[in-house]
Amino acid sequence: MKPVLPGSTIGILGGGQLGRMFAISARRMGYRVHTFSPDADTPTGQISDVEIRAPYDDLDAVRSFARAVNVVTFEFENVPAPTAAAAAEAAPVRPDGAVLHTTQHRIREKAFLDGAGIPIAPYRIVRSEEGLVRAVLEIGCPAVLKTAGFGYDGHGQVRILTPEAAAAAWDSIGRVDAVLEAFVDFECEVSVVAARGVDGTFRHYGVVENRHQRHILDITIAPAGVAAGIAERAVEIARAVMERLDVTGVLCVEFFVTRAGELMVNELAPRPHNSGHFTIDACVTSQFEQQLRAVCGLPLGSTRQIAPAAMVNLLGDLWANGEPDWNAVCGFPEAKLHLYGKAQARPGRKMGHVTALGMDAVTALKNAVDARAAAFYAPRNFL
Ligand code: AMP
């Protein structure tokens, strides 16, 4: 297969910040970028040469979008399977639709992981209220009920603390197919972002620690302070997942590290991931450039990390008192500000992030957290 070389056109399904950072990498390397999403003036579209606005189920629009590009990738995994299939009629889609199909549905993802012998938290498939009541008795409390499809950042999730709460939980997720997972009393959460080339070459960015607030990623610390044995196992699991799924591109594996030092996979994301944003500022090749190289069939770049780093997300909550103080953030010379071009700041919405470097991970974390705190605008009469 001949590589898709600079000067060619990349098509991105999806218009969010992941596509934006991918498009920035692609344009820097001399590619043209076309975006397809149902919205206008999207974070990705702002960086693209062409922004197509159409619903994902307008398959004729998808086909004509794909005809105009040399390769198609996606920036979020909830692109419907028929959309990926329509695009594939006109251009290579990487990673291919089968990877999407498995990872965009928790029941299929769990079955894949289980079948591959990869450790996950105990779970039951739930398709009815009676099924949930039974599953709660089998799994025990606390447990977490998660919708099978279209979940992200804690959407479509509810914690069940007592068996009596099952009916209300079933109602609250909209009575749709779901999985019930045992609640994992974890020591910490970690992830591995890795890439696999068209020829099967595997590269990874090591193990990073992730801290969440309200189910949304808040902080990533790179590298994670876990034992070497745990880190090695996490990377081997990421490699096995990518080989078994035959992924071309970047994939992230999120894990729980239990108090006994065991790893359990929480979920897979078949694309660049929020926990890999630090790679833009801290690594020789960012996860976005790596995705580009992989889907274009180019050799993968070095994942070497140049300095310890920490990333903090900037959620819409930071806008509660008006536009944050970006001047103050820029006063932290080790901090790098990334904003996604979103017009509306809503609580919980990912608006940007800050990555800071440091002599060590603790210093990087302090730099990043301090830079973010400085952004929060406190009106005079609050002081
Ligand atoms: P998810 O959308 O499945 O990645 O969940 C988002 C976050 O919710 C995770 O990163 C954890 O912090 C928390 N969480 C999800 N599932 C569980 C679980 N089974 N046990 C403990 N915490 C969980």
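Domain bounds here come from an automatic or database domain assignment. The model is predicted: local features need pLDDT of at least 70, side-chain atom pairs count only at pLDDT 80 or more, and totals for chains, interfaces and linings use all residues. Residues are numbered from 1 along each chain as its sequence is written, and side-chain values use heavy atoms, with hydrogens and water left out.

**Exercise 1. The cavity**

Task: Find which residues line the largest cavity, and state which domains supply them.

Solution. 
- Step 1. On a 1 Å grid over the protein atoms alone, a cavity is a set of points where a 1.4 Å probe fits but cannot get out. Lining residues have an atom within 4 Å of a point.
- Step 2. Search. The whole structure holds 1 cavity of 30 Å³ or more. The space in the largest cavity is about 50 Å³. A volume is the space filled by probe spheres set on the points, and grid points are joined across faces, edges and corners.
- Step 3. List the lining: Ile12, Leu18, Gly19, Phe22, Thr73, Phe74, Glu75, Pro272, Phe288 and Gln291.
- Step 4. Assign elements. Helix H1 (17-28), strand S4 (71-74) and helix H10 (287-296) each give two or more residues. H1 gives the most, with 3 residues. Helices (H or I, at least four residues) and strands (E, at least two) are DSSP runs, numbered from the N terminus.
- Step 5. Sort by class. The lining has 6 nonpolar, 3 polar and 1 charged. Ala, Val, Leu, Ile, Met, Phe, Trp, Tyr, Cys and Pro count as nonpolar; Asp, Glu, Lys and Arg as charged; the others, Gly among them, as polar.
- Step 6. Read the domains. Domain 1 (9-93) and domain 3 (186-376) each give at least three residues to this lining.

**Exercise 2. The second largest pocket**

Task: Which element gives the most to the lining of the second largest pocket?

Solution. 
- Step 1. A pocket is an open set with protein on both sides within 12 Å along at least five of seven lines. The second largest pocket has about 160 Å³ of space.
- Step 2. Its lining includes Met21, Ile24, Ser25, Arg28, Phe288 and Glu289.
- Step 3. H1 and H10 each supply at least two residues. H1 gives the most, with 4 residues.
- Step 4. By class, this lining has 6 nonpolar, 4 polar and 2 charged residues.

**Exercise 3. The ligand**

Task: Which residues come nearest to the ligand?

Solution. 
- Step 1. Near means that a heavy atom of the residue lies within 4 Å. Of the 16 residues around the ligand, Lys146, Gln157, Glu181, Glu189 and His215 come nearest.
- Step 2. Look at atom pairs. A side-chain N or O atom of Gln157 is 2.8 Å from a ligand oxygen. A ligand nitrogen is 2.8 Å from a polar backbone atom of Val184. For Asn266, a side-chain N or O atom is 3.0 Å from a ligand oxygen.

**Exercise 4. Two residues**

Task: Is Ala356 buried or exposed? Ask about Ser8 too: buried or exposed?

Solution. 
- Step 1. Buried means under 20% relative accessible area, exposed over 50%, partly exposed in between (1.4 Å probe, protein chains only).
- Step 2. Ala356 sits in strand S16 (residues 350-357). Its relative accessibility is 0%, so Ala356 is buried. Ala309 is 47 residues away from Ala356 in sequence, yet 5.6 Å away in space, C-alpha to C-alpha.
- Step 3. Ser8 lies in the segment before strand S1 (9-13). Ser8 is buried because its relative accessibility is 15%.

Methods:
A polar contact is a pair of N or O atoms within 3.5 Å; within protein, one must be able to donate a hydrogen and the other to accept it, and residues adjacent in sequence count only if both atoms are side-chain atoms.
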